[in-house]
Amino acid sequence: MADWLGGMQWRMLGPYRGGRVTSVIGHPRDKQTFYFGGAGGGIWKTDNGGHLWTPIADDFLKMASVGSLAISQSHPHVMYAGMGENVLVQFHSYGDGVYKSVDSGKTWKNVGLAEVHNVGKIKIHPTNPNIAFVAALGHRFGANAERGVYRTRDGGKTWELVCFRSDRAGAVDVAIDDQNPELVYAAFWEQLIQPWNYTSGGADSAIYRSSDGGDTWEDLSKRPGLPEGVIGKIALAASPAKSGRVWALIEAEQGGIYRTDDFGYQWTWMNDERNFLVRARYSIALTPDPVDANVVYVPSRKLWKSTDGGRTFGQMNTPYVDQHDLWVGDDQRMIVANDGGASVSFDGGRSWSTLVNQPTAEIYRITTDNHFPYRVYGAQQDNSTIAIPHRSERGGIGQQEWYDIGGGESGYIAVRPDNPNIVYSSDLPGLGVTRYDHINYQIREIGPWGESGAWDKPALKYRFNWCVPVKLSPHDPDVLYVAGQYVFRSTDEGASWEEISPDLTRHDESKMVLVGGPIEFEDALAFQYPAISSVAESPFERGVIWTGSDDGLIHVTRDNGATWTNVTPLNLDMPTWALIRLEVSRFAAGKAYAAATNYRLDDFKPYLFKTEDYGATWTQINAGIPDGHFTRVIREDTERPGLLYAGTEVGVYFSLDDGASWQSLKLNLPAVIVFDLCVKEDDICIATHGRSMWILDNISPLRQMNADVLSKPVHLFPPQPVIRLTRQVYGLDSLMALYQPFVAANPPSGVVVDYYFSESPEGEVKLELVDQDGTVYQSFSSEVQERWSLPVGALRYEYRGGARLVGVVAGEEEQGVRWGALTLPDDFSIPTANKGLNRFMLPIQAKGSYITPGLLGYVMPPALVPGEYIVRLIVGEQVYESSVRIDKDPRVHTTHVDYQAQFDLLIRIRDKVSEIHRTYGQLSWIRENLDHWRETIQGLERADTFIDSITAMINRLSAIENTIVQ
């Protein structure tokens, strides 16, 4: 990351609703503490039974996807996390090995096995936390040797591959007999994902057992009672309550629940319920009860429970579908993992904690509208589309402001620029496109075709990518594009459609196969391969339309669809079967960018390309993005030519030189998968796959940064205009968000000032906001030097940007204020003076009224009149100035004269209230010190009269103040 970016910060927008969780665990002793690992969301902890969740490893994890969590039963401060999702889906992320914590998750350290990529399960020895086993699933998209069962006997310092099956089959599960921990069981799973298909099962799927703590292993797959033929995914569970009892849930032609009571020598087919094996590749697990040997649970599409050793099962209610993991305690405590997040139960599963408190949504696509304040739109995996305002006037952005806008979980979203109430969204492949009207909440199906399915792909009339492209023409909001293997165009909001292209894919029928196998096949909508994955009309030239396909082709038409040219790069390192996402330049004719994603063929390199001649020639432009950070999207800035942004599997990158070099834009962002991003006004909005949506507010330093700026010792960036919102209580929004769970913070409400130091300056740095006449309305210093002429020990109250600060006058000599301890958000901190970029918010207000303890009345800081102001940066003797404009709320029609009259009145009221407070304080101080003064007053009667007079004046001032408050 460039060192001059330090002052900028990403802001989490939401939604606060859970995404897919792959692993859960409960603390064996602390009854309120639980943990979960997200598919792309990192590691989270609750210490209050699931009411509030906190990410606990963001400062340590290099990758976002968690496959398995484990906690030591004997030493619960010891934890392991195996990275890389353990389900079989096209859009899963890989991991970077195993992390360990020895302080209950406060800190984490990577302890190896990076090339494993995906961890199926981790199990810790029941009494020795230094011994642990890792079921290493390995690469999901190709063969690799780093698979099998790994063991550590020194707490992760070293690892041994103690059981290996093949480079095609990795270990997916491991179980330990708690009563005899020398007995270890492991399940191997042969599987493969390709862009056009997946397979689950093969000759190398198997069950193994070790009777000597992992030194040697025996294949149990041919033991009596186990199914014959091809085996797929296997889940294992060893009963903690009965040594030798092991359950296996096996994907096979004769699949179902199998059990052994003699350590794996003999097996019994207990239950052939096919519901347990619905999409076994995605959702299949086993959890034994810790105290009752006859109780076992099956987290599958639903959650099932058996109380007779696995013969019969009853369905349990859970908050969401597709269960991936379950932890059960010995006291009715449970935590379940599913596609909607993680939920805690304290009553054996009869009730569960909410899922709407964990911002781990997996968002595919993101866009914005022209509403004020603008809204951000996304499509959430395993949920709905969603619209969220980028700021709220309620103090924070909460669930009451989210809403669904049609379409489906993987859809593209397009909003009419001339009417932000009209939103087009795509649904799952073949299920159509919707038109949503926010005025009457109506949703209408408008897709070009209604056929879904993938059983016979060559026979399908139309094929659609999992994320069906939907785009509006930048030249005409009545023109709407949708893409399958053809490009469709509508000019009547989807009432009718025309095909404007031939098949723009390779149309390789060898890739149009029946999905699944060799055991189970399914109508998998995610595999309607091949299809167009990206379509965009040039903002610079009307009728120039580009497409990218999910099988590696790029086409362009320059005559509005009449003819198309294949312009796929042939002389560069473009992967043949990569998925292509395009960005067409708004600054130059013939210019476009392409991001190619090829991880589904076990290729994790970044691929970015640029053309400036309609695709006749291309340049590869991914220098600076490391291998492993494969690229999913590239976007061009809307104001500065050559400023580019890329979303990768491991965060965001930017380029100031049109792609010649790239730098990280991580800042405070956790390890995240960035599926999509867009630029709106002065902000970058990103869609993460596991941490919801984020915004980088005010990117003006990126747009303005150049070599000249970096060569200066000090530079004040011209601030962006700020809008004076009508309903905003300035400064309180960020404070309110701090204390409201499940509410996202608003962007800064004042003037955002960015300033750069080549080296950290010595001495004081000040920031001021003044008007054209030189009146100072806000002044902040890097050194707190507030001084008042107040009595020693008196309390001092001040509202600084809406935050109430309380101080005590320190002494007669200093005549300063010693502020009480109070943690405040960055909006209310003092200006920084760090090397590199610094950022501070100046409130767009005058000072509020003076406050004296004992009086209630207070005039909040009056908002400044819209108009031109000046920001001053004072560094030592040097003064740097830049103008800034405060604009009025575009939704109101108040005139400048009215704004000025309101401001003048509030200032007069403020000053009068301040005068009352100061007089009250002075008189109160006098009365409190009368014992000292009595000795100097001639005659007690005169002293009493004086006291009565002061008391009457104090009471009168108090009555006036109370009248003002009422």
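How exposed is lysine 712, given as relative accessible area? Lysine 712 is partly exposed, with a relative accessible area of 27%. Here buried means under 20% relative accessible area, exposed means over 50%, and partly exposed lies in between (1.4 Å probe, protein chains only).

This is a predicted model: local features need pLDDT of at least 70, side-chain atom pairs count only at pLDDT 80 or more, and totals for chains, interfaces and linings use all residues. Residues are numbered from 1 along each chain as its sequence is written, and side-chain values use heavy atoms, with hydrogens and water left out.

## Salt bridges

Side chains of opposite charge can pair when their charged atoms come close. A salt bridge is counted when a side-chain nitrogen of Lys or Arg is within 4 Å of a carboxyl oxygen of Asp or Glu. The whole structure holds 55 salt bridges.

Take arginine 416 and glutamate 493. Arginine 416 is buried, with a relative accessible area of 7%. Glutamate 493 is partly exposed at 21%.

Lysine 610 lies in strand β47 (residues 607–611) and aspartate 658 in the loop between β51 (651–655) and β52 (663–664), so the pair ties together parts 48 residues apart in sequence. Both residues are buried.

Aspartate 708 is partly exposed, at 46% relative accessibility. Elsewhere, salt bridges that share partners join Arg165, Asp167, Arg168, Glu190, Asp204 and Asp219 into one network.

## Cavities and a pocket

The search uses a 1 Å grid over the protein atoms alone. A cavity is a set of points where a 1.4 Å probe fits but cannot get out. A pocket is an open set with protein on both sides within 12 Å along at least five of seven lines. Lining residues have an atom within 4 Å of a point. Grid points are joined across faces, edges and corners, and a volume is the space filled by probe spheres set on the points.

How many cavities of 30 Å³ or more does the whole structure have? The search finds 7. Ala, Val, Leu, Ile, Met, Phe, Trp, Tyr, Cys and Pro count as nonpolar, Asp, Glu, Lys and Arg as charged, and the others, Gly among them, as polar.

The second largest cavity holds about 130 Å³. Its lining includes Phe91, Arg365, Trp466 and Phe675. That lining divides into 6 nonpolar, 2 polar and 4 charged residues.

The second largest pocket has about 990 Å³ of space. It is lined by 34 residues, and Thr367, Lys471, Leu472, Pro474 and Arg586 are the closest to its centre. Strand β53 gives the largest share of the lining, 5 residues. The classes are 17 nonpolar, 5 polar and 12 charged.

## Backbone exceptions

Most residues other than glycine have a negative phi, and most peptide bonds are trans. Which bond joins phenylalanine 372 to proline 373, cis or trans? The bond is cis, with omega near -10°. Proline 373 lies in the loop between β30 and β31 (375–380). A cis bond also joins tyrosine 529 and proline 530, with omega about -5°.

Tyrosine 441 is not a glycine, yet has a positive phi of about 60°. Tyrosine 441 is exposed, at 59% relative accessibility. Leucine 667 has a positive phi too, near 50°. Leucine 667 is buried, at 14%, in the loop between β52 and β53.

How values were computed: Helix = DSSP H or I, 4+ residues; strand = E, 2+ residues; numbered from the N terminus.
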